[in-house]
Amino acid sequence: MTHLLDDKRDATPMKISTRELNGTTIVDVTGEIDMSTSPGFRTALLESLKKTPRLAVNLTNVRYVDSSGIASLVEVLKAARISDKRLVLFGLNEPVQEVLQLTRLTKIFEIRKTEKEALEV
Amino acid sequence: MSCEKQSPPELPGCQEANGPLDFQLRILSDPRLLAVVRCTVAEFAAVSGFKEDQCRSITLAVDEALSNIIRHAYNNRRDQEIEMRLHADIGCLEFTFVDRGEPLDRSKYCAQPLDAVALGGRGTHLIRQIMDEVVYERVSEGNRLRLKKYLPPARLTP
């Protein structure tokens, strides 16, 4: 487990990029999702969701998420359900899993271990 | 540095090496500072003998407490002051936060079930789940929040 101070991170606390694969939009998130970065996280996911029927969020490189980040994911899930689209999360590391468990939300999200599994219909 | 430290560091010739630890911070209510505080808290918890997963959860609780102060007490103003004290004694870690903002709205505190698919309101639930004692007081200078976490008994053995 990498400690917050051990990894070589750049000055940006969170980075988001998107790519398309087999009709799914994959959002790659890197860094820490907290009160200062969750508005950008939320906006990026909601904008991506508008343009795709299937959204997969890669959380492999997310070192930290707080309740505002979890609230953003819940909001995107609600938007996906309303528009009959699919939202899947994958690559959850220990810190992210712990927060989802503490918030008792592991069952409401579709969670997969790998990108390959996330892309399976 | 790692959060995997199992016990306070031994300092040769320093009789107080295993005594209480005290650390104080005075920060602005700027959310960009939360990442800085998280690093400090994680290290403080590790030095105090908590395991890695406990360090993570304690850090989350402190982060949520500060976020609540910024969001609710200071209405997202970034230029207000928050005093924070970190205190470690045998088997116990205590965090005290003092702000000069709006008082806690008790009608909104843990007002909704944690598992509801609501957008917000999980921060206070997380704090209560993680910490052993949560005490909020309205004091003359503003709001004071104290969070305590006890070291599991198995880790108290010298």
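Residues are numbered from 1 along each chain as its sequence is written, and chains are lettered from A and ligands numbered from 1 in the order in which they are written. Because the model is predicted, local features need pLDDT of at least 70, side-chain atom pairs count only at pLDDT 80 or more, and totals for chains, interfaces and linings use all residues, while side-chain values use heavy atoms, with hydrogens and water left out.

In chain B the mean is 85, with 78% of residues at 70 or more. Values stay under 50 over residues 1-10 of chain A and over residues 1-16 of chain B. Where pLDDT is low, the predicted coordinates should not be read in detail.

Chain A holds four helices and five strands (DSSP runs numbered from the N terminus: helices are H or I with at least four residues, strands E with at least two). Their order from the N terminus is β-β-α-β-α-β-α-β-α. Of the 121 residues in chain A, 51% are buried (under 20% relative accessible area with a 1.4 Å probe, protein chains only).

A nonpolar core is a set of buried Ala, Val, Leu, Ile, Met, Phe, Trp, Tyr and Cys residues joined through side-chain atoms within 4.5 Å. The largest has 63 residues, and those with the most contacts inside it include Leu87(A), Phe109(A), Leu66(B) and Met84(B). Helix H2 (residues 52-73) of chain B is the biggest contributor, giving 10 residues. A second, separate core has six residues, among them Ile26(A) and Val88(A). Beyond four places in sequence, Met84(B) touches residues including Phe23(B), Val62(B), Leu66(B) and Phe95(B) (contact means heavy atoms within 4.5 Å).

H2(B) also packs against helix H3 (residues 123-130) of chain B at an angle of about 145 degrees, with the axes 9 Å apart (axes are lines fitted to C-alpha atoms over the stretch in contact, and angles run from 0 to 180 degrees between N-to-C directions). Among the residues making this contact are Ile58(B) and Ala61(B) of H2(B) and Leu126(B) and Ile127(B) of H3(B).

Note on methods. Buried < 20%, exposed > 50% of the residue type's maximum accessible area, 1.4 Å probe, protein only. pLDDT = per-residue confidence, 0-100.
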